[in-house]
Amino acid sequence: QVQLVESGGGSVQAGGSLRLSCAVVGYSYWPYCMGWFRQAPGKEREGVAIIYTDGGSTGSTSYADSVKGRFTFSQDNAKNTLHLQMNSLKPEDTAMYYCAARTRMGGTCAASPEESYNYWGQGTQVTVSS
C-alpha cells in the first residue's frame, strides 16, 4: 500500500520560507511523477509544481506562474522523499498543500487532470501572514 506522508507546513510571515516534505512509503522506487497541489478556502484545488521522478525525464519540473522563481523541488533518493522549498512566501500562498503521485508510466506529467494522480497525501497547512 503506497502512502504519501507530508510534513513541513506551518505559519510564517510574508517573505519567509518553508520546506514541505513528502515521503513515499510502500513503493519500491519512485512514482513516475509527483506534484504539489494546494487549495485555499473557497477556491478550487490547483497544481503548484510537478516533477518527473522516474523515467527518461527524471528531474524535469514545471511550476505554476504564481510560484515560479520562488518554489523549488529537490529529490532525496536515499530517503524516498520529495521536498518543496518555498521562499519569499506571500499571503496568497496560504492554503492546504497536498502531495500527489502518479505511478502510471509514460506520457506527459502535468497538473491536469488531477485524476491521473492515483495517490494523495493527507495535506499540510501553510499559513502566510502579512
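Predicted model: local features only at pLDDT ≥ 70, side-chain atom pairs only at ≥ 80, totals over all residues.
**Figure 1. Cys 22 and its disulfide partner, Cys 99.** The link between Cys 22 and Cys 99 is left-handed, with -80° about the S-S bond.

**Figure 2. The disulfide of Cys 33 and Cys 109.** A search of the whole structure turns up two disulfides, and Cys 33 to Cys 109 is one of them, with S to S at 2.4 Å. Here the pair links distant parts of the chain: Cys 33 belongs to strand S4 (residues 33-39), while Cys 109 is in the loop between S9 and S10, 76 residues apart. The torsion about the S-S bond of Cys 33 and Cys 109 is about -100°, so this disulfide is left-handed. Cys 33 counts as buried at 0% relative accessibility, and Cys 109 counts as buried at 6%. Count the bonded cysteines along the chain and the disulfides follow the pattern 1-3, 2-4.

Figure 3. Take a look at strand S1, residues 3-7: Leu 4 and Glu 6 make up its covered face, whereas Gln 3, Val 5 and Ser 7 are on the uncovered one. S1 pairs with strand S3 (residues 18-25) in the antiparallel sense, over five bridges. For Leu 4, the bridge partner in S3 is Val 24.

Figure 4. Asp 93 lies in the loop between S8 and S9. With a relative accessible area of 1%, Asp 93 is buried. Its side chain makes a polar contact of 2.9 Å with the side chain of Arg 38 and another, of 2.8 Å, with the side chain of Arg 70. Setting aside neighbours within four places in sequence, Asp 93 is in contact with Arg 38, Val 67, Arg 70, Phe 71, Ser 88, Val 126 and Val 128.

Figure 5. Which residues does Arg 38 pair with in salt bridges? One is Asp 93, with the closest N and O atoms 2.9 Å apart. That pair links distant parts of the chain, from Arg 38 in strand S4 to Asp 93 in the loop between S8 and S9, 55 residues apart. Glu 46 also forms a salt bridge with Arg 38, and there the closest N and O atoms are 2.7 Å apart. Arg 38 counts as buried at 5% relative accessibility, whereas Glu 46 is partly exposed, with a relative accessible area of 36%.

Figure 6. Arg 45 is in the loop between S4 and strand S5 (46-52) and Glu 114 in the loop between S9 and S10, so the pair ties together parts that are 69 residues apart in sequence. Arg 45 counts as partly exposed at 30% relative accessibility, and Glu 114 is partly exposed with a relative accessible area of 22%. Elsewhere, salt bridges that share partners join Arg 38, Glu 46, Arg 70 and Asp 93 into one network.

Figure 7. Ser 112 and Pro 113 are joined by a cis peptide bond, with omega about 0°. Pro 113 lies in the loop between strand S9 (95-102) and strand S10 (119-120). Asn 80 has a phi near 45°, a positive value in a residue other than glycine, and its place is in the loop between strand S7 (71-76) and strand S8 (81-86). At 14% relative accessibility, Asn 80 counts as buried. Ser 88, in the loop between S8 and S9, also has a positive phi, near 50°. Ser 88 counts as partly exposed, at 43% relative accessibility.

Notes. Residues numbered from 1 in each chain as written. Heavy atoms only, no water. Buried < 20%, exposed > 50% of the residue type's maximum accessible area, 1.4 Å probe, protein only. Helix = DSSP H or I, 4+ residues; strand = E, 2+ residues; numbered from the N terminus. Pairing = 2+ DSSP bridges. Disulfide = S-S within 2.5 Å. Polar contact = N/O pair within 3.5 Å; in protein donor to acceptor, adjacent residues only side chain to side chain. Contact = heavy atoms within 4.5 Å. Salt bridge = Lys/Arg side-chain N within 4 Å of Asp/Glu carboxyl O.
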